[in-house]
Amino acid sequence: MYNLHSPKLFRTRHGAILRCECCSRIQIEFREHVLLVDEDEFELLMRTVRQALAQLREAEEQESWQLQAQTDGGAVGVVLTEMSLAALHELLQGAWAMYVLEERIDAATTDLADRATDVVRDHLPCAG
């Protein structure tokens, strides 16, 4: 069994986000739902949830939003109310902040010149 370092990137009362030490995939546990994504999918999910929350707050007739994802077992979907979407957004934002912080700390404690672009994924300007 693989160990999760940190063991959690971030936790709220609604869930937790963990990163696998072996494969760097990110596990999102939100209420009774679990989603495993890679780094790019995590960033895309965070942006999508932020946009969906903004749209849902502006829409007068829409009361929920459906998150759909492809999994190894096929497509899955979950319907989220504005309150649930806000809770998921808070969880994702907190984890993203911790994720970027860990990348920056790692970059600062390793050979920054060789790894800055890969490690912090363009969140830190390269020394020039």
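**Ground rules**

I'm numbering residues from 1 along each chain as its sequence is written, and my side-chain values use heavy atoms, with hydrogens and water left out. Since the model is predicted, local features need pLDDT of at least 70 and side-chain atom pairs count only at pLDDT 80 or more, while totals for chains, interfaces and linings use all residues.

**Fold**

I looked up the elements and found 3 helices and 6 strands. I took helices (H or I, at least four residues) and strands (E, at least two) as DSSP runs, numbered from the N terminus. Along the sequence the pattern reads β-β-β-β-α-β-β-α-α. I then checked burial: of the 128 residues, 34% are buried. My scale is buried under 20% relative accessible area, exposed over 50% and partly exposed in between, with a 1.4 Å probe and protein chains only. For contacts (heavy atoms within 4.5 Å), I kept pairs at least 6 apart in sequence, and 40% of them join residues at least 24 apart.

**H1 against H2**

Next I looked at H1 and helix H2 (residues 82–109), whose axes come within 9 Å and cross at roughly 145°. The axes are lines fitted to C-alpha atoms, for helices over the stretch in contact, and angles run from 0 to 180 degrees between N-to-C directions. The contact includes Phe-42, Leu-45, Met-46 and Val-49 of H1, and Leu-85, Leu-88, Leu-92 and Trp-96 of H2. By class I get 14 nonpolar, 2 polar and 5 charged residues in this contact. Here Ala, Val, Leu, Ile, Met, Phe, Trp, Tyr, Cys and Pro count as nonpolar, Asp, Glu, Lys and Arg as charged, and the others, Gly among them, as polar.

**Leu-92**

I went back to Leu-92, which sits in helix H2. Leu-92 counts as buried because its relative accessibility is 0%. Leaving aside neighbours within four places in sequence, Leu-92 touches Ile-17, Ile-28, Phe-42, Leu-45, Met-46 and Val-49. Ile-17 lies 75 residues from Leu-92 in sequence, yet their C-alpha atoms are 7.8 Å apart.

**His-14**

I found His-14 in the loop between strand E1 (4–12) and strand E2 (15–20). His-14 has a relative accessible area of 18%, so I log this residue as buried. Not counting residues up to four places away in sequence, His-14 is in contact with Glu-29, Phe-30, Arg-31 and Ala-87.

The largest pocket holds about 330 Å³ of space. Its lining has 14 residues, and Leu-35, Val-37, Glu-41, Ala-69 and Gln-70 are the closest to its centre. On a 1 Å grid over the protein atoms alone, a pocket is an open set of points where a 1.4 Å probe fits, with protein on both sides within 12 Å along at least five of seven lines, and lining residues have an atom within 4 Å of a point. Points are joined across faces, edges and corners, and the volume is the space filled by probe spheres set on them. E5 gives the most to the lining of the largest pocket, 5 residues, and the classes come out as 7 nonpolar, 4 polar and 3 charged.

The second largest pocket has about 250 Å³. I count 15 lining residues there, with His-33, Val-34, Leu-35, Leu-67 and Val-78 the closest to the centre. Strand E3 (26–30), E4, E5 and strand E6 (74–81) each give two or more residues to this lining. Its classes are 11 nonpolar, 4 polar and no charged residues.
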